[in-house]
Amino acid sequence: MSPDRPSLERVLVSAGEVSGDRYAAPVLEELRRRHPGLEAFGAGGEALAAAGLELRHSQASLAVTGASEALRRAPAALRLLVDLLLEARRRRPALALLVDYPGLHLRLGYLLRRLGVPVLQLVAPQRWAWLPWRARALRHAVDALAVTLPFEEAWFRARGVAASFVGHPLCDLFRPPAPEQARAALGLGEGRVLALLPGSRANELARHLPLLAATLPLLPR
């Protein structure tokens, strides 16, 4: 097929965080199952690389928490943006799958669409929780939005975004055992159980976990 025409066997995938990497990997695996020989390139982590993604950028250089880290990682994000746009112009993917990470992906999606690349965003920005008026930016950045919470489909559709509820990837990635089996596996008794959830990014773990652990002795028994 001519390199200047879209190919059904070529996709661009971008996931800027650990969670997005895990969510996107099964999608890429399914695409490769349905389309043997599928060429996939973009940004992600270990899970996407194992699923067959040509990893041009690692999500480890992109995950941020807070404004100061966002500024420090801005050069890496800009390099990713420019590189993926140049590669999209050269390779002409039939689809761009962008996962979460709206700070970068709204810009990337908008520019990819201008190149004629259809954009599917998996995991919606939580515009319903903050800055709801910015939901209209999605209309220009995506062709379709796959949402993971049931109410999001109607919320985004009411604002002109072609959203579809696809379920939450965690339901497929993890199959929790029955409560009694979980307690036995973790060596827990019958008392109350408190889960510490510091986040999935390395910088979140470094910042949040020591603070959470330090509060444990202060909690009533």
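This is a predicted model: local features need pLDDT of at least 70, side-chain atom pairs count only at pLDDT 80 or more; totals for chains, interfaces and linings use all residues.
Start with strand β2, residues 39–44. This strand is mostly covered, with five of its six residues buried. β2 runs parallel to β3, and four bridges join the two. One place to look is glycine 42, whose bridge partner in β3 is leucine 55.

Now turn to charge. Side chains of opposite charge can pair when their charged atoms come close. How many salt bridges does a search of the whole structure find? The count is twelve.

Take glutamate 39 and arginine 10. Their side chains meet in a salt bridge, 3.3 Å from N to O. Glutamate 39 sits in strand β2, while arginine 10 sits in strand β1, residues 7–15. The two are 29 residues apart, so this pair links distant parts of the chain. Is arginine 10 buried or exposed? Its relative accessible area is 18%, and buried means under 20%, so arginine 10 counts as buried. Glutamate 39 has a relative accessible area of 28%, which makes this residue partly exposed.

Arginine 34 and glutamate 30 form a salt bridge through their side chains, at 2.8 Å from N to O. Both lie in helix α1, residues 18–34. They are four residues apart, about one turn of the helix. Arginine 34 counts as exposed, at 57% relative accessibility. Glutamate 30 counts as partly exposed, at 28%.

Arginine 56 belongs to strand β3, residues 54–58, and glutamate 87 to helix α3, residues 67–91, so the pair ties together parts that are 31 residues apart in sequence. Arginine 56 is partly exposed, with a relative accessible area of 32%. Glutamate 87, at 9% relative accessibility, counts as buried.

Arg91 leads on to the rings. Arginine 91 lies over the face of phenylalanine 41, at 4.3 Å from the ring centre. Another arginine does something of the kind: the charged end of arginine 159 sits over the ring of tryptophan 155, 3.8 Å from its centre.

Tryptophan 155 also has a ring partner. A pair of aromatic rings is described by the distance of the centres and the angle of the planes. Which residues form the one aromatic pair in the whole structure? They are tryptophan 155 and phenylalanine 156. Their centres are 4.9 Å apart, with 75° between the planes, and the pair is edge-to-face. Both residues are buried.

Finish at the surface, with helix α8, residues 179–186. Why does α8 lie largely in the open? Of its eight residues, the number buried is zero, so the helix lies largely in the open. Just after α8, glycine 187 takes a positive phi of about 70°. In the loop between α8 and α9 comes leucine 194. This leucine is exposed, with a relative accessible area of 53%. Leu194 forms a nonpolar surface patch with Leu196, Leu205, Leu209, Leu216 and Leu219. Together they have about 460 Å² of accessible area.

Methods: Residues are numbered from 1 along each chain as its sequence is written. Side-chain values use heavy atoms; hydrogens and water are left out. Buried means under 20% relative accessible area, exposed over 50%, partly exposed in between (1.4 Å probe, protein chains only). A salt bridge is a side-chain nitrogen of Lys or Arg within 4 Å of a carboxyl oxygen of Asp or Glu. Patches are made of residues with over 30% relative accessible area and no salt bridge: like charges are joined within 9 Å, nonpolar side chains (Val, Leu, Ile, Met, Phe, Trp, Tyr) within 5 Å. Accessible areas come from the Shrake-Rupley method with a 1.4 Å probe; for residues, only the protein chains shown count as cover. Two strands pair if DSSP finds at least two bridges between them. Rings of Phe, Tyr and Trp (its six-membered ring) pair if their centres lie within 6.5 Å; planes under 30 degrees apart count as stacked, over 60 as edge-to-face and the rest as tilted. A charge sits over a ring if NZ of Lys or CZ of Arg is within 6 Å of the ring centre and within 35 degrees of the ring normal.
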